[in-house]
Amino acid sequence: MVAECSRCGTILARRGHDSLARTAALSLAALILYVPANIYPILRMYYYGAYTENTIWDGCVRLFQDEQYLVAVIVFFASIVIPFCKLLGLFYLTATAKLGSADRRRERTLIFKIIDAIGPWAMLDVFLLAILIALVRLQQLASVYPGPGLLPFASVVVLTILATLSFDPKLIWEPEKDE
Amino acid sequence: MSDSEQNAENRDDLPKAAVRQRHWSFPIIWVVPLVAAVVAGYLVFERSRAYGPTVTIVFKDADGIRAGETWIQHLGVPIGQVTAVELADDLDHAIVTARLTRARVSVAREGSVFWIVRPELGLGNISGLGTVISGPHIEVLPGTGPEKKDFVGLETSPVILERRGLKVVLVTNRAGSLHPNSPVYYRGVEVGVVQDTQLSSDAKVVNVNVFIRQRFAGLVRTGSKFWNVSGVDFNAGLFRGVEVKLESLRSLVAGGVEFATPDDPEAKPARNGMAFPLYSEAKKEWLDWSPRINIPPEK
């Protein structure tokens with residue numbers, strides 16, 4: 001929906017009418033990539049000649065076994081639960097906005113604000129890995145390499161952020177369809 | 001008239017902005033999930049394709065084998081990873097579970113042998129040095145039989161990694177310095193190894209199992225003579241002086257067997273499992289035998 005000046009045609013206001021479609025599409029893409037992000041190792045490590053591959057889940061399990069419960073829980077939530085919850089939240093928001101529902105508008109706005117706020121934090125893993133990979137290069141003794149799962153993982157995070165950005169929170173407050 | 005009043009008055013005169021609905025827009029954004037689906041589908045397919053069969057191997061001792069870290073290798077190529085190490089119910093064995101990567105030809109078949117490669121310091125050979133720091137790995141020698149999932153691992157690495165060759169048994173009174181890995185020579189060239197030395201079932205003689213590489217298998221014929229070249233042969237005589245015979249430095253410490261084949265066109269090539277006597281030394285004429293035997297070129 002575009003409002004133009006009737007005389008000169010300048011665009012005065014623009015309402016992305018495809019905002020919902022955009023959000024839905026990007027969220028869907030993120031959800032699809034969520035699968036390879038979790039089954040592929042995001043980290044490959046050579047340590048004194050031994051070679052290990054770690055998926056995010058492996059990392060959580062290993063941390064838990066090493067009795068680093070707090071870190072294990074943080075990693076589990078930050079890397080597995082929260083990205084998924086964010087996607088679920090976005091789907092919920094787009095679905096209700098599409099249906100023009102008038103229920104729980106305040107709560108929905110709050111959900112959107114939360115999703116928007118924690119967006120970049122999900123990138124923490126990727127930043128951490130980037131630093132780790134740059135630091136640990138002791139040639140034969142120990143090296144850390146990105147695994148094939150890192151790219152889909154980063155894509156999930158970026159797509160989620162883009163989906164959040166393209167969601168127009170005003171749509172939550174649209175008048176009900178049947179009014 | 002204040003400004004605001006004038007504004008209010010003029011508002012209706014102002015031209016209205018034209019609101020234009022875009023009637024048709026290509027939903028180009030849906031290309032993104034489509035591409036994602038293709039990429040993810042491919043990745044998942046690749047991942048599931050990489051999963052091969054799961055095998056269990058029973059070892060007497062699984063020291064150093066770790067789930068998620070120890071690899072199964074063949075010719076230095078990783079082809080599987082250990083997923084679990086457990087104790088058997090009889091508390092006498094360790095059960096190693098490993099997932100193999102999918103390959104066109106699986107090693108999960110009858111006749112495959114698995115053993116744990118650890119650093120070994122033997123007479124005349126050192127092996128597995130790389131595993132000192134990396135920890136042991138499991139090596140496999142693929143078999144050719146039908147599919148199989150449960151294996152019993154070897155205690156020690158098999159002496160020879162080749163799958164094809166000639167196996168003969170040498171019968172002797174004393175094993176002497178012969179033991180697994182002792183070389184077998186033909187005209188001084190190493191053509192095989194001693195696999196193991198075992199007492200015969202009635203303990204009267206020693207059976208020395210010898211492996212001759214496939215390429216040299218034709219050198220052994222029914223009339224071949226084997227003799228021991230272990231150690232040093234001292235021969236001192238009043239008129240001859242001192243004579244020292246030594247096959248090679250390695251055979252000095254590791255022992256060794258040499259054989260010769262007579263020039264007899266009637267003699268048939270030896271078959272697997274054939275027994276030969278092992279002499280303590282060569283007769284003079286054996287050393288002069290030099291039959292013409294074709295050896296296939298090295299692959």
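Predicted model: local features only at pLDDT ≥ 70, side-chain atom pairs only at ≥ 80, totals over all residues.

Where in chain B is confidence lowest, and where is it highest? With that settled, please examine closely how helix H1 (residues 19–39) of chain A packs against helix H2 of chain B, and then describe what surrounds that contact.

Reply: In chain B, the lowest confidence falls in helix H1 (residues 3–10) of chain B, with a mean of 56, whereas strand S19 (residues 275–279) of chain B has the highest, at 89. Chain B has a mean pLDDT of 80, with 83% of its residues reaching 70 or more. For the complex, the predictor reports an ipTM of 0.72 and a pTM of 0.59.

The two chains meet through 26 residues from chain A and 26 residues from chain B. On the side of chain B that touches chain A, two or more residues each come from strand S1 (18–20), helix H2 (31–50) and helix H3 (131–134) of chain B. H2(B) supplies the largest share of that side, eight residues. Sorted by class, that side of chain B holds 15 nonpolar, six polar and five charged residues.

The part in question is the packing of H1(A) on H2(B). The axes of these helices are 8 Å apart and meet at an angle of about 15 degrees. Angles under 35 degrees count as roughly parallel, so H1(A) and H2(B) are roughly parallel to each other. Their crossing is left-handed. H1(A) contributes A:Ala25, A:Leu26, A:Leu28, A:Ala29, A:Ile32, A:Leu33, A:Val35, A:Pro36 and A:Ile39. Facing them from H2(B) are B:Val32, B:Pro33, B:Ala36, B:Ala37, B:Ala40, B:Leu43, B:Val44 and B:Arg47. By class, this contact of H1(A) with H2(B) comprises 16 nonpolar residues, no polar residues and one charged residue.

Within chain A, H1(A) also packs against helix H3 (residues 69–99) of chain A, at an angle of about 155 degrees and with the axes 10 Å apart. Since angles over 145 degrees count as roughly antiparallel, H1(A) is roughly antiparallel to H3(A). This crossing, too, is left-handed. From H1(A), the contact draws on A:Leu20, A:Thr23, A:Ala24, A:Ser27, A:Ala30, A:Leu31, A:Tyr34 and A:Asn38. The residues of H3(A) that take part are A:Ile80, A:Pro83, A:Phe84, A:Leu87, A:Leu90, A:Phe91, A:Thr94, A:Ala97 and A:Lys98. The classes here are 12 nonpolar, four polar and one charged.

H3(A) has a further helical partner, helix H2 (residues 56–65) of chain A. Their axes come within 8 Å and cross at roughly 165 degrees, which makes H2(A) roughly antiparallel to H3(A). H2(A) passes H3(A) in a left-handed crossing. H2(A) takes part through A:Ile56, A:Gly59, A:Cys60, A:Leu63 and A:Phe64, and the residues from H3(A) include A:Tyr69, A:Val75, A:Phe76 and A:Ile80. A:Ile80 of H3(A) also belongs to the contact with H1(A). The contact of H2(A) with H3(A) divides into 10 nonpolar residues, two polar residues and no charged residues.

One is an open sheet of seven strands with mixed pairing, in the order S6-S9-S3-S4-S5-S2-S10 (chain B). Strand S6 (113–117) and strand S10 (150–152) of chain B lie at its edges with a single partner strand each, so one side of each has no neighbour in the sheet. Direction ignored, neighbouring strands of this sheet are turned by 30 degrees against each other on average. S6(B) runs antiparallel to S9(B), joined by five bridges, and B:Phe114 has B:Val140 in S9(B) as its bridge partner. Strand S3 (residues 71–74) of chain B pairs in the parallel sense with strand S9 (residues 137–141) of chain B over two bridges, where B:Ile72 stands opposite B:Ile138. S3(B) also forms a hairpin with S4(B), with two residues between them; B:Leu75 in the turn has a positive phi of about 55 degrees.

Strand S11 (residues 165–172) and strand S14 (residues 206–213) of chain B run antiparallel and are joined by eight bridges. B:Val171 has B:Asn207 in S14(B) as its bridge partner.

How values were computed: Residues numbered from 1 in each chain as written. Chains lettered and ligands numbered in written order. Contact = placed C-beta atoms within 7 Å. Helix = DSSP H or I, 4+ residues; strand = E, 2+ residues; numbered from the N terminus. Nonpolar A, V, L, I, M, F, W, Y, C, P; charged D, E, K, R; others polar. Axes fitted to C-alpha atoms, helices over the stretch in contact; angles between N-to-C directions. Parallel < 35°, antiparallel > 145°, perpendicular 65-115°, else oblique. Left-handed = near helix turned anticlockwise from the far one by under 90°. Pairing = 2+ DSSP bridges. pLDDT = per-residue confidence, 0-100.
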